[in-house]
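Please read the briefing below alongside the sequence and the three-dimensional view. The points are grouped by topic, and the text begins directly with a single residue.

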Amino acid sequence: MMQSFIVEHYLNKDVDVYCGGPDVFRGNVVACADNVLTLDSEGKLTHIAIDKIIALWGQ
């Protein structure tokens, strides 16, 4: 359910992702498949397990 929401509303957009603690992941949503969100930040890919996401918002 969350995966389809991310694909429909945030694919190819810049986002901030909060998974708890002090860290916020930032980048452009380049993929969301197999329950993994992939962000690109200046050519560096970050892969985040969708079930760990607490909040996500556009930049």
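Asp16 counts as buried in this predicted model, since its relative accessibility is 8% and the cut-off for burial is under 20% relative accessible area. The residue belongs to strand β1, and its side chain takes part in a salt bridge with the side chain of Arg26, at 3.1 Å from N to O.

**Asp16 and the salt bridge**

- A search of the whole structure returns 1 salt bridge, and the side chains that meet in a salt bridge are those of Arg26 and Asp16.
- Because Asp16 sits in strand β1 (residues 14-18) while Arg26 sits in strand β2 (residues 24-33), the pair ties together parts of the chain that are 10 residues apart in sequence.
- When neighbours within four places in sequence are left aside, the residues in contact with Asp16 are Val24, Phe25, Arg26, Ala55, Leu56, Trp57 and Gln59.

**Val29 in strand β2**

- Val29 has its place in strand β2 and is buried, its relative accessible area being 0%.
- Although Val29 and Leu11 are 18 residues apart along the chain, their C-alpha atoms are separated by 5.2 Å.
- Again leaving aside neighbours within four places in sequence, Val29 is in contact with Ile6, Tyr10, Leu11, Asn12, Lys13 and Val15, and also with Leu37, Thr38 and Leu39.

**Cysteines**

- How many disulfides does the count come to? The count comes to 0 disulfides, under a rule that asks for a pair of cysteine sulfur atoms within 2.5 Å.
- The sulfur of Cys19 has its closest cysteine sulfur in Cys32, and because the two are 12 Å apart, they are too far from one another for a bond.
- Cys32 is likewise in no disulfide, the nearest cysteine sulfur being that of Cys19, 12 Å away.
- As for accessibility, Cys19 is partly exposed, with a relative accessible area of 23%, whereas Cys32 is buried, with a relative accessible area of 10%.

**Secondary structure and overall form**

- The protein chain contains 1 helix and 5 strands, which, read along the sequence, follow the pattern α-β-β-β-β-β.
- For a chain of 59 residues, a compact globule would have a radius of gyration near 10 Å, and the protein chain agrees with this expectation, as its own value is 10 Å.
- Along its principal axes, the C-alpha trace of the protein chain spans about 25 × 25 × 20 Å.
- Among contacts between residues at least 6 apart in sequence, 40% join residues that are at least 24 apart.

**Burial and surface**

How values were computed: Residues numbered from 1 in each chain as written. Predicted model: local features only at pLDDT ≥ 70, side-chain atom pairs only at ≥ 80, totals over all residues. Heavy atoms only, no water. Buried < 20%, exposed > 50% of the residue type's maximum accessible area, 1.4 Å probe, protein only. Salt bridge = Lys/Arg side-chain N within 4 Å of Asp/Glu carboxyl O. Helix = DSSP H or I, 4+ residues; strand = E, 2+ residues; numbered from the N terminus. Rg over C-alpha atoms; globule rule 2.2 N^0.38 Å. Contact = heavy atoms within 4.5 Å.
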